[in-house]
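Let's take a friendly walk through a meeting of two chains. Keep the picture at hand as you read.

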Amino acid sequence: MAETSSHPKPIEAWITGIGLATSLGEGLDAHWEALNQRRINADEKNFAPHVVHPLAPVSFDAQIPKKGDQRQMEAWQRIGTYAAGLALDSAGVKGNADILARMDMIVAAGGGERDLVVDAGILNAAAKGNAAPGFLNERLMNELRPTLFLAQLSNLLAGNIAIVHGVTGSSRTFMGEEAAGVDAVRIALARIAAGQSDIALVGAAHNGERKDLLLLYEFGDFNLKEKFAPVWMREQSSGFALGSGGAFLVIESRAHAEARGAKPFARLTSIVADHARRKRPGEVTSTLESLWSKLGSPTEATAIITGATGAEPVTSEERAFLRAHSNLPVRATGTMFGHTLEAQFPLGLAVAALSLSRGALFAPDDSSDQEIDMAAPPAQIVVIGAGHWRGEGMALVEAIR
Amino acid sequence: MTAMRDKSGRPVVVVTGMGVVTSLGSGKSDNWARLCAGESGIRTITRFPTDGLRTTMAGTIDFVPVEPFSSTDLSERLADIATEEAIAQAGIGRAGDFPGPLFLAVAPVELEWPQRHELGHVIGTDTEIDYDQMLRVSGGGAFKTYHRRFLFGSVADHLAETFGTKGSPISLSTACASGATAIQLGVEAIRRSEADAALCVATDGSVNPEALIRFSLLSALSTHNDPPHAAVRPFSKNRDGFVMAEGAGALVLESYEAATARGAKILGIMAGCGELADSFHRTRSSPDGKPIIGCVRNALADAGVTIEQIDYINAHGTGTPENDKMEYLGISSVFGERARQIPVSSNKSMVGHTLSAAGAVEAVFSLLTLEHQRIPPTINYDVPDPAIPFDVVPNAARDARVTTVMSNSFGFGGQNASLILTREPV
């Protein structure tokens, strides 16, 4: 859309669509039920010694009707395209060509899975001394599926959403682990607040059932091993359990939503982010404190939903921040969903908006003293995302009454 | 005094610093001289064995040593070089203290073959190698640096710390439109008055065996290996694909007001940005050209200029049969008869396709075109394609009056982005 002059007062933005497909199931009712029943789907066996949260069974056909499209995607793209479709359905804009053609899209993405058999075959041949010049070329030329590249490219989740669901107003892909998820929503909201856009699809997807990803985090000893434990109870063996899941939101200006009669889940009031250098202890704690004050230091009927990873030292630094606000109920999505990297912050926003729309915070899932019950309906939820390595973000989501 | 706000009442966004590195060399002056001389940076690959490959040339940057090689390390070095040049020219902030956010276009990052082979060496020859074995040896700190290096955010992390940009640095990919998207994000941040300045960087050091083979398996690359300098043939009838290349471009963007207030030299105006996604196919454009047409129109509308005001088009011009045909369809649909009159040249004929970096590299070249009032040519143009009757500025640079440039970028995944750059505020 054509942008008007810079606005003195930010335009109000609503979350009008939520799409969730995770290790706990698909759709909002299934998630609400699972959260309140304290369900956790952690797999300690199939990737042992690593713990992962596998995707619950999903009927991809429901959102990706063409088998040909499904074949062109790897799991992370299928999960994301599926969750994006759920979000569009939830917002009531699925198939609305007029809106989809001017809808912004910002996706936070990593990359697609490798062909593990091809990789292992090459390394074994090399180990046996089979490393003549051109050996790698020959193997890759002969063994890589040509379309695998398209299933690996970061921006092809957005590309697949455009193809399958017809979202074409814009297509931007942010990379950079947890922070990419924060920034995707932050920029989508900033564009709406400034009148640069009316409506946006934003989110991310992650396939945690991948040994090539486990490898990347194993280099830094970040993987949770042997036995599942809630995020706040990993002092003895810190780390995160990779989770599979997709979380997408439809965000739009209040005026745009009202004009089409769309009902909001919640108001997305503000998103702030920073990049602590993390050279000295305490930097993350003070960065979170400063982000908190930028949100206006919320007090009234507030809860916190955090994407805390369980990795150290960042989780301890976040705990120090939370201790300073110990009156507020906290929920850690990493406990129920595992760590979904780029998707963790959109996932936090999704369950925050869901909670606000249902007038309750879901039950704690942790026997540590970190998570307390919340009897009153929350009016505000602050979503926190502090990346395992870099990046800190915070959002204020508010109930619309 | 010229207005500090554009026709839509938004802050005017100016460029006050630029840096570039390509296969033609490092820095604006070297690149500009060689570009206008019609030189090619495409050469036979020596970085790794090319036995068994259909394509054996690329626009590699071999004058920036990276040992042991990884594409991510090279991307980071190239980004450093371009950024240093841009910030030095802008004279903004203090060393290591850039007063605004970073928007970085960077290729997707992953562990590469030299590192995988390192894991293989540690596993040894007594055990069958698989990912379980790789996982077994990868923890405990022996490969700690690989974690940081192969995170998607690692290059941005490095740049943010080195140059002291503010806030959360954004790494982005819109495939071969990434460089233009980085600039667009910077323009939008300044228009929202979130920042007075933004650092927009795009970098790509992707010429490694697997990256080349991936494009090769999609039949996207030229196989015109000999001589390599004649491989990229945009808009020619005998064009047969693009040529991978490395490079980086960096731009310091500022609000006109902030730049003027600190007495900075204005190098050009980022007058408008347009985008529109294509939902037709993962690698091909919609045959009706509508997404490209819409993208170009969005850019013109955003800048508030008419087709009559555009006097040079810096084409995406990859030299693939499909891209050049679709770019002609898009431009001719919007510009009508004027499409035959406006000079349309492809920098890629000389530097190759710098992929994630191309949009920013070509924005720098577009601004140099405005500064020097001289249009770099499309080289290797010996067999015109009658279906593409552009004035491609064939083979030799041309002096011309240039006030307003459109620079196009298109990419896999339906990515389309166009920038409008001017000498003076519009």
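Which residue stands opposite Ile170(B) in β6(B)? Phe103(B) does.

## Before we start

This is a predicted model, in which local features need pLDDT of at least 70, side-chain atom pairs count only at pLDDT 80 or more, and totals for chains, interfaces and linings use all residues. Residues are numbered from 1 along each chain as its sequence is written, while chains are lettered from A and ligands numbered from 1 in the order in which they are written.

## Strand β6(B) and its neighbors

Helices (H or I, at least four residues) and strands (E, at least two) are DSSP runs, numbered from the N terminus. Two strands pair if DSSP finds at least two bridges between them. Within chain B, β6(B) pairs with strand β5 (residues 102-106) in the parallel sense, over three bridges.

β6(B) also pairs with strand β5 (residues 172-175) of chain A, in the antiparallel sense over three bridges. Here Leu172(B) is the bridge partner of Phe174(A), and Ser171(B) stands opposite Met175(A).

## Two faces of the strand

In a regular strand the side chains alternate between the two faces of the sheet. From β6(B), Ile170(B) and Leu172(B) point one way, Ser171(B) and Ser173(B) the other, and all are buried (20 or more other C-beta atoms within 10 Å of a residue's own, with C-beta atoms placed from the backbone).

## The wider contact

In total, 70 residues of chain B are in contact with 71 residues of chain A; contact means C-beta atoms, placed from the backbone, within 7 Å. To the side of chain B that touches chain A, α8(B) gives the most, with five residues.

Terms used: Contact = placed C-beta atoms within 7 Å. Buried ≥ 20, exposed ≤ 12 C-beta atoms within 10 Å, placed from the backbone.
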